[in-house]
Amino acid sequence: MARLKALSVVLAFVGVLAAIVLVVWSGFGRVSASLSSVGYSGFALLCAFQIFVAAVLGIAWRVIAPISTGRRGLALDAVFVWARLLRDASASCLPFSQVGGIVIGARALSLHGQTWQVASLSTVGDLTAEFLTMLAFGAAGLVILVTQRSSWLSSAAIEVVLVLTIGLALLFLPRRTAPVLARIGRSILVRGFDFAGKSIQSIEPELILIYGRTDLFTACNMIHFFGWMAKGVGGWIAFRLLGAQISLLDAMAIEGLLHVGLAFAVLVPGYAGVQEGGYILLGAAFGVPPEIALATSLLRRGRDIALGIPVLLIWQFVELRSLRKKYGKLPDSAHEIVSQPNQESR
């Protein structure tokens, strides 16, 4: 674990250097001019739309979770939306790898009535659905890219076949692949979560139950796919605000292919440098100038920071209030905070 943390720090440092090099290479003046053209209203629109995306992804998480609290309706939905906002804020603004943000998101659920076991199990189920739909969305992006470069291919026909294939897979694969998905989920739990001495083998049947609920797992996948499409719309808004003449379909293709590439950089905090390079490469494939592609990445980072910092500050307030309620005082060390999920699961 210590080696992974050290590797993340090194990768973050290299990524920041790479991002600086890309800004210089693209032309600092051109990039800054593109960013300044967005304006406050455009930036506010981008932030508001991102909150909508987080709400969609939070609902997807809520659908698959085995609820352990009496809350129902909008109040329960709001808890999962908040946890999703915190997961994304932690991954974007804190010097952690993506795994750190995932654990903090699960912690948010445990602060609002869910047991640590339910929070962690639902997190793994949600991550699985998000990953599967990311692959499907990336495949759709690849189809768009290929059909643009090959006039003899029928874009409409290929997309219809792709949509039908994805739909059938979401309906029939979850139940048949539940044991395999459960083993993958168990490996994630071993790396990122602690069940206070409970055997990890005893968790696998519960994961199989989550993946085996075809109706709920399929609904979670469908909502996540809609969430990926919403992310594509957000990317298109950013491109248009920066002056790029790009179609909505092309913007979605860039978003899908970008996230497939980012999946291989999971240890890089905030995808530093990787995101910028991905935007430039994919932007070039769809005719977007490098300075605008890079400005899109930086605009996205600015949006994530503008939303993430307030979310993290509110989270700290909630943590302190929870600790005061439990102990009647502040903790003596940071270790006391980290150990809270373990104590709650007993």
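This is a predicted model: local features need pLDDT of at least 70, side-chain atom pairs count only at pLDDT 80 or more; totals for chains, interfaces and linings use all residues.
Residues are numbered from 1 along each chain as its sequence is written, and side-chain values use heavy atoms, with hydrogens and water left out.

The secondary structure of the protein chain consists of 14 helices and zero strands; helices (H or I, at least four residues) and strands (E, at least two) are DSSP runs numbered from the N terminus. Of the 346 residues in the protein chain, 49% are buried, where buried means under 20% relative accessible area, exposed over 50%, and partly exposed in between (1.4 Å probe, protein chains only). The protein chain exposes about 16,500 Å², of which carbon and sulfur atoms supply 71%; accessible areas come from the Shrake-Rupley method with a 1.4 Å probe, and for residues only the protein chains shown count as cover. Among the contacts in the protein chain with a separation of 6 or more, 74% join residues 24 or more positions apart, contact meaning heavy atoms within 4.5 Å.

The largest nonpolar core has 32 residues, and Phe239, Ile246, Ile254 and Val288 touch the most other members. Such a core is a set of buried Ala, Val, Leu, Ile, Met, Phe, Trp, Tyr and Cys residues joined through side-chain atoms within 4.5 Å. Two or more residues of this core come from each of helix H3 (39-64), helix H6 (116-149), H9, H10, helix H11 (274-285) and helix H12 (290-327). The largest share, six residues, is supplied by H10. With neighbours within four places in sequence left aside, valine 288 is in contact with Phe239, Ala244, Ile246, Gly283 and Ala293. A second, separate core of 20 residues includes Ala83, Ile104, Ala106 and Ala108.

Two packed helices are described by the angle between their axes and the distance between the axes. Helix H9 (residues 214-241) packs against helix H10 (residues 248-262) at an angle of about 115°, with the axes 8 Å apart. Axes are lines fitted to C-alpha atoms, for helices over the stretch in contact, and angles run from 0 to 180 degrees between N-to-C directions. The crossing of H9 and H10 is right-handed; a crossing is left-handed if the near helix is turned anticlockwise from the far one by less than a right angle, and right-handed if clockwise. On the H9 side the contact involves Trp228, Met229, Lys231, Gly232, Val233, Gly235, Trp236 and Phe239, which meet Leu248, Ala251, Met252, Ile254, Glu255 and His259 in H10. By class, this contact of H9 with H10 has nine nonpolar, three polar and two charged residues (Ala, Val, Leu, Ile, Met, Phe, Trp, Tyr, Cys and Pro count as nonpolar, Asp, Glu, Lys and Arg as charged, and the others, Gly among them, as polar).

Tryptophan 236, in helix H9, counts as partly exposed at 28% relative accessibility. Not counting residues up to four places away in sequence, tryptophan 236 touches Ile246, Ser247, Leu248 and Ala251. The C-alpha atoms of tryptophan 236 and leucine 248 are separated by 5.8 Å, the two residues being twelve apart along the chain.

Valine 38 occupies the loop between helix H2 (28-36) and H3 and is buried, with a relative accessible area of 9%. Residues up to four places away in sequence excluded, valine 38 touches Phe43, Leu241, Leu242 and Leu299. The C-alpha to C-alpha separation of valine 38 and leucine 242 is 6.0 Å, across 204 residues in sequence.

Serine 110 lies in helix H5 (residues 98-110) and counts as buried at 8% relative accessibility. Serine 110 and alanine 83 are 27 residues apart in sequence and 9.6 Å apart C-alpha to C-alpha. Tyrosine 271, in the loop between H10 and H11, also counts as buried, at 18% relative accessibility.
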